[in-house]
Every structure is written in C-alpha cells, then in structure tokens.
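Biologist: I'd like to learn how to read helix packing and salt bridges in a model. Can you walk me through a case?

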Amino acid sequence: MTGHMTPEEFRRYGRQVVDRIADYLTGVEQYPVRAQVRPGDVRTRLPASPPERGEPYEHLLADLDTVLMPGITHWQHPSFFAYFPSNASGPSILGDLLSAGLGVQGMVWATSPAATELETLVVDWLAELLGLPERFRTDSAGGGVIQDSASSGALAAVVAALHRASGGKAGTEGLTRRYTMYVSSQTHSSLEKAGRIAGLGADNVRSVAVHPETLEMDPAHLRTLIEQDVAAGATPALVCATIGTTSTTAVDPVRAIGELCREHGIWLHVDAAYAGVSAVCPEMRWINDGVAEYADSYATNPHKWLLTNFDCGVLWVADRRPLVDALSILPEFLRNSATESGEVIDYRDWQVPLGRRFRALKLWSVIRWYGAEGLREHIRTGIALAQRFAALVDADPDFELRPHHPFGLVCFRPLRTDALALMEHVNASGQLYLSHTKIGDDVWLRMAIGAPTTTAEHVDAAWEALRAAQSR
C-alpha cells in the first residue's frame with residue numbers, strides 16, 4: 001500500500017505534471033486536432049477492475065501518454081475551429097491549481113469568506129470591463145455569481161422568473177397554473193431544457209419566429225404569441241434574447257424584445273454565453289443595446305473566449321431577491337451568525353447545487369495577468385482573423401459566405417461538393433477541425449476562431465486545406 005502522498009512526493013510529481021502541461025501547450029501542434037480513435041479503444045486498453053494495491057504515480061503518467069493522449073481532441077490546438085473556443089491560459093491553469101490545492105468549498109460566506117468576497121469583486125470587475133449596467137453590481141440590488149456554465153445560469157434565471165411571476169407560489173405550491181417562456185429556433189437548447197427541468201413542460205416553451213436572413217428573433221411574432229397565451233389564461237414568465245447564437249452568432253434585437261417584456265411584466269434573460277465577452281472592447285458594446293434598460297439577467301462565459309479554462313460562466317441579475325428567495329433553503333447545519341446578520345452573500349442561494357468550487361481564483365488570475373488591454377487584444381485578434389478568413393471565402397467563386405460575422409465565427413459552404421463530406425474529409429485528416437450547422441435546408445460549415453495560439457498562418461493553412469479538399 002502506497003499510503004497518502006507526502007508533501008515531498010507531491011512536489012516531485014507536481015513539477016512533472018506542470019512540466020508536462022507546459023510541454024503539451026508548447027507542442028500541441030504535433031497532434032492531429034481531432035482524436036483518432038474508435039469507440040471503446042481507450043477503455044479496452046485500461047484494466048477492467050481497479051487495482052488492489054496502490055501504484056506509483058509514474059504508472060499513471062505513462063498511461064496518460066500511451067492510452068489517453070490518442071483519445072484526446074485538442075481544444076487548445078491552434079487549428080481547432082469546430083466549436084466556440086474553450087480557452088486555457090497559463091494564468092487560468094495556475095488559478096485552477098491554486099483552487100484545487102486550497103480545496104475550498106465556498107457554499108456560504110462563513111465556510112471561506114475570501115472565496116465569496118473575491119467572487120463579488122471579480123464579477124464586478126468583469127461587469128465594468130464589459131460596460132454592463134451598475135444595477136448588475138453586487139453593491140447594488142443585483143449582483144453576479146460564477147456558475148459552471150450559461151446552462152446553469154439559464155436554469156437559475158428560469159427559476160427566478162417563475163418565482164417572480166407566481167408571487168413566490170411556484171416554490172411553495174408548485175406550478176398550479178400554466179406558465180410560458182419564449183425562445184427562438186436559434187436559442188441555445190439549454191433554455192428549453194431549463195424550462196423542462198423547472199416544470200413548465202416542453203409545450204409551454206414557445207418558439208418565436210426568426211428573420212429568414214439574419215435569424216434574429218422577430219419581436220412582432222413574439223408579441224403575437226404573448227397575447228395569444230395571455231388570452232388563453234397563461235402567465236408569460238420569461239423571454240430569452242440571445243447575443244451571438246451558437247449556430248451563426250445572430251444577435252437578437254434586445255431593446256425591442258425588452259420593451260415587450262416590460263409592457264407585459266415578463267423576465268428578460270439575455271444569453272450572451274459566447275459573444276458577451278467581446279464587449280471588453282468598446283467598439284463591440286453595440287451588442288448590448290437595450291441590456292441596461294431591460295435585462296433582468298445576463299449570462300456570459302469567460303471559459304469560451306476570455307482566456308479562462310472551463311468551467312467559468314457568469315450570471316448577473318438586476319434584482320437578486322427573486323433568485324435568492326427562489327433558491328434559499330436554510331437547514332440547521334448551515335445556520336451561522338454571519339448569514340443571520342444579513343451582511344454577507346451566501347452564494348449557495350444563487351445556484352442549484354449547495355457546494356461550489358473556488359472558481360473566482362482563475363478569473364481573478366486572468367484579469368490581473370492580462371489586464372483590460374491584454375483581454376481586448378485577444379478578442380480583437382480573434383475578430384481580425386475571422387475577417388481574414390471571411391475575405392478568403394468571399395473571394396472564391398467555389399464557396400459561399402454568410403454575411404453576418406462580427407465575432408470570431410464564420411459560416412460558409414462549398415458550392416461544388418457536399419458540405420458534410422468536405423468537413424469530414426478535412427476533420428479526418430487531423431489538419432484542422434470544423435463543425436457544421438443547418439439553416440433551412442442548407443448545411444453550412446462553421447469556422448470558429450479564438451484560440452490564443454491561432455495565427456494568420458493557421459487560418460491560411462486551413463483555407464488551403466479546404467480548397468484542396470474541394471478540388472479533389
């Protein structure tokens with residue numbers, strides 16, 4: 001039996017692990033971007049049963065190299081373009097390591113005051129960096145909280161909206177009447193899932209039409225659906241407007257949607273999971289038109305495009321009371337003088353789980369290392385590279401470019417070959433990795449740019465690989 005790892009052993013192996021991560025990030029381009037394994041390949045190379053006796057850590061590191069690495073898709077590869085980036089950076093990795101080492105469970109202020117107070121600071125910092133309204137700050141009636149993802153943020157927003165719409169009865173009596181929420185065909189699936197989990201039922205998650213060209217939500221159709229539902233005796237609870245849809249990065253007209261929500265007393269949730277962080281650049285703050293006046297909640301993910309590794313999604317609310325009142329349950333074992341004083345934030349009341357990691361450390365680490373200037377430079381680089389790729393596509397008569405690409409995503413399609421076949425060919429080559437979407441009956445390819453190591457050379461190489469595949 002090996003027993004507990006001693007501090008000396010931890011130092012030795014810890015240095016090896018950090019060196020491996022540094023070597024991996026330095027040499028990630030040597031790997032094919034997409035994992036080159038078949039289903040079951042990884043598991044069959046590992047023992048079917050756990051070891052009876054502990055093993056030296058060297059054995060695990062050896063298996064990491066020979067068994068696991070072939071089954072890794074390399075999200076930090078500069079030619080990973082398939083999905084919105086999941087940025088990892090040195091400061092963020094170190095912040096996560098510190099979080100793991102401290103082992104904090106920050107469910108309430110009393111369990112580690114620094115965990116809570118650092119989080120209130122960094123979410124206020126981020127709100128300032130993005131130009132979000134003062135009412136989202138934690139020293140106002142609202143505030144921010146770090147969730148694992150925008151999906152969890154969406155569920156929290158739906159629960160808060162139901163609490164407000166029902167006057168608190170949803171939490172005590174259950175959903176005793178019909179409540180509705182409104183999304184579009186372009187809204188992230190997590191919103192419909194949140195509606196199902198919260199008990200609305202899929203039939204009450206209403207789908208609003210979108211503009212056929214821009215794919216933005218149609219406020220006129222939203223009004224029609226709301227009025228129909230009210231006439232039928234339903235209570236509209238929430239509308240989700242998206243800033244940067246997953247499929248094409250369409251931007252819904254938040255201001256027009258917000259005016260409707262205010263007219264009918266409906267909670268407006270703004271899902272800016274991917275594109276929201278681009279507002280760190282002042283020239284991108286047009287995306288938040290209407291947010292300050294109308295949004296009840298707003299979510300964005302630093303773990304997508306702001307150099308902070310997964311998981312780190314921020315949810316802000318303009319008024320924390322519906323959220324806290326909907327999610328707060330205080331068993332005896334959590335009672336403490338700080339909570340009862342009312343002078344502290346207990347983040348357990350801002351999320352579905354009780355327990356929570358010290359996620360604020362890595363976001364704090366990133367903001368302090370890069371500063372506002374460094375964060376802006378990262379976003380601007382991704383946008384510039386996307387414009388470079390879009391220009392290459394637009395100049396080639398064998399390809400079609402979708403015109404809307406203000407962020408790091410470019411949607412395009414080949415005109416002389418099957419789009420899915422082309423995508424699978426380049427993905428299987430290991431040179432790059434793309435994904436696709438469908439608009440109407442047409443398949444479009446998605447080129448999502450934003451990795452810290454991606455340069456113009458990688459974008460140009462990807463384009464040459466696509467042109468070669470088109471010509472084969």
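**Salt bridges and a helix pair**

Modeller: Buried means under 20% relative accessible area, exposed over 50%, and partly exposed in between (1.4 Å probe, protein chains only). This is a predicted model, where local features need pLDDT of at least 70, side-chain atom pairs count only at pLDDT 80 or more, and totals for chains, interfaces and linings use all residues. Residues are numbered from 1 along each chain as its sequence is written, and side-chain values use heavy atoms, with hydrogens and water left out.

Biologist: Which residue forms a salt bridge with aspartate 139?

Modeller: A salt bridge here is a side-chain nitrogen of Lys or Arg within 4 Å of a carboxyl oxygen of Asp or Glu. For aspartate 139 the partner is arginine 137, with the closest N and O atoms 3.2 Å apart. Arginine 137 counts as buried, at 19% relative accessibility.

Biologist: How many salt bridges does that rule give?

Modeller: The count comes to 28. One of them pairs arginine 356 with glutamate 119, the closest N and O atoms being 2.7 Å apart. Arginine 356 sits in the loop between helix 14 (337-341) and helix 15 (360-394), and glutamate 119 in helix 5 (residues 113-129), so this pair ties together parts that are 237 residues apart in sequence. Helices are DSSP runs (H or I, at least four residues), numbered from the N terminus. Arginine 356 is buried at 5% relative accessibility, and glutamate 119 is buried at 2%.

Biologist: Which residues are linked in a network of salt bridges?

Modeller: Asp96, Asp311, Arg357, Arg359 and Lys362.

Biologist: Now, how do I read a helix pair?

Modeller: Two packed helices are described by the angle between their axes and the distance between the axes. Here, the axes of helix 6 (residues 150-165) and helix 8 (residues 189-197) come within 9 Å and cross at roughly 45°. Axes are lines fitted to C-alpha atoms, for helices over the stretch in contact, and angles run from 0 to 180 degrees between N-to-C directions.

Biologist: And which side chains meet?

Modeller: Ser151, Ala154, Leu155 and Val158 in helix 6 meet Ser190, Leu191, Ala194 and Ile197 in helix 8, where contact means heavy atoms within 4.5 Å.

Methods:
Helices (H or I, at least four residues) and strands (E, at least two) are DSSP runs, numbered from the N terminus.
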